[in-house]
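Student: I would like a close look at a single part of this model. Please keep it brisk.

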Amino acid sequence: MEALASFKKEISSPKKIFITTHVKPDADALGSSLGLANYLLKKGHEVTVVTPTDYPSFLNWMEGNDLVLDFSREDHQKSATKALNEADVVFCLDFSVLNRVNELGEMIRQSDAFIVNIDHHQDPEDFADFKYWSTEAAATCELVYELIVELGDKELIDKDIAECLYAGIMTDTGGFRHPNTTKNVHLVVAELIDLGANPSQIANWIYDSNSVNRLKFIGFAISRRLVVREDIHTAYFAISKKDLKKYQSRTGDTEGLVNYALSLDGIKLAALFSEREDGIKISFRSSSEVAVNKFAASYFNGGGHKNAAGGKSERNLKETIEKFENLVEEHQDELFDQEPVSSN
Ligand SMILES: [Mn+2]
């Protein structure tokens, strides 16, 4: 492991470190970034965490949140750019292709810093000097935990770090329910609980922080915007710009909505189409045997995990949905004609 050795050497003395993660960070993206940042700070490094966009307010409890720079904010851009230009080491967490971080991607590509990529998404781009990458991992937070342990620093994981890492594993496994919930996931979270993470507290911070508007929006979406196509084991939501505006939707408000479609008996493929400023954003979810990442990559300019992926479309909402339904009908044999697989 030559790359691991040079990585270890790289961080063996105090360095200027830049950490970033994907657009619209979720708990795994932000939790892995801040969990790692808090660890590196303890090791004496100078650390800057930059997100390409904002993120949901139900993540604001994470230690270090106050210091995160949002690159989409004009008043943060200058210091974020300076930190990247001066960085000795750049960490890219929870994404594997540089276009997932908007303009930061090209800046990272041009950077002379030592680049580290820690991630669990399929088909990584080859841009890092050191890759700590596994699709077997349920979450990037699981990998960050393992890397810290591998570096011999498990005792440096305190309550704050453990909480950040626990949150990412909890949400990326859908609350320990998705097919990626392995024995190792439970072993790692057991350690994190031992190190101070409180499961019910973290679940409360993340899942029980709805606004009345969000709850009403979910009710509206389920009663008015859910389409169920039992004949093709598919259900989806189509949310217009107007819908989002009516319920004063904020970042994170549509998160998890797609899971209601997948929760229907007999449904194996679920999608959420939401109309944004820059086109239609799509979230896909599937039952264990359906590979939705391949579908997203082939037809919707996206990708992700086998059972949770994303995509986008330049067509309008109606045309995008037509295209989606036609494709599922056309490819239903290859999509659904698989034996269910058990998780390891
Ligand atoms: Mn993740």
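Student: Which residues have the most contacts inside the largest nonpolar core, and how many residues does that core have?

Tutor: First, the ground rules. This is a predicted model, in which local features need pLDDT of at least 70, side-chain atom pairs count only at pLDDT 80 or more, and totals for chains, interfaces and linings use all residues. Numbering runs from 1 along each chain as its sequence is written, and side-chain values use heavy atoms, leaving out hydrogens and water.

Now the core. The largest nonpolar core has 53 residues. F7, I19, M62, F91, I118, L192 and I206 have the most contacts inside it. A nonpolar core here is a set of buried Ala, Val, Leu, Ile, Met, Phe, Trp, Tyr and Cys residues joined through side-chain atoms within 4.5 Å. Buried means under 20% relative accessible area, exposed over 50%, and partly exposed in between, with a 1.4 Å probe and protein chains only. Helix α6 (residues 159–172) gives the most to this core, with 8 residues. Helices are DSSP runs of H or I, at least four residues, and strands are runs of E, at least two, numbered from the N terminus.

Take M62. Leaving aside neighbours within four places in sequence, M62 is in contact (heavy atoms within 4.5 Å) with A27, L30, G31, L34, C164 and A167. Another core lies apart from the largest one. That other core has 22 residues, among them L269, F284, F295 and L327.

Next, the helix packing. α5 (residues 140–150) and α2 (residues 27–42) pack at about 20°, with axes 8 Å apart. Axes are lines fitted to C-alpha atoms, for helices over the stretch in contact, and angles run from 0 to 180 degrees between N-to-C directions. α2 and α5 are therefore roughly parallel. Angles under 35 degrees count as roughly parallel, over 145 as roughly antiparallel, 65 to 115 as roughly perpendicular, and the rest as oblique. From α2, D28, G31, S32, L36 and Y39 meet T140, C141, V144 and I148 of α5.

α5 also packs with α6, at an angle of about 140° and with axes 7 Å apart. These two helices are therefore oblique to each other. C141, E142, V144 and Y145 of α5 make the contact with C164, L165, G168 and I169 of α6.

Last, the loop between β1 (16–21) and α2. K24 is placed there. Phi of K24 is near 45°, a positive value in a residue other than glycine. K24 counts as partly exposed because its relative accessibility is 43%.
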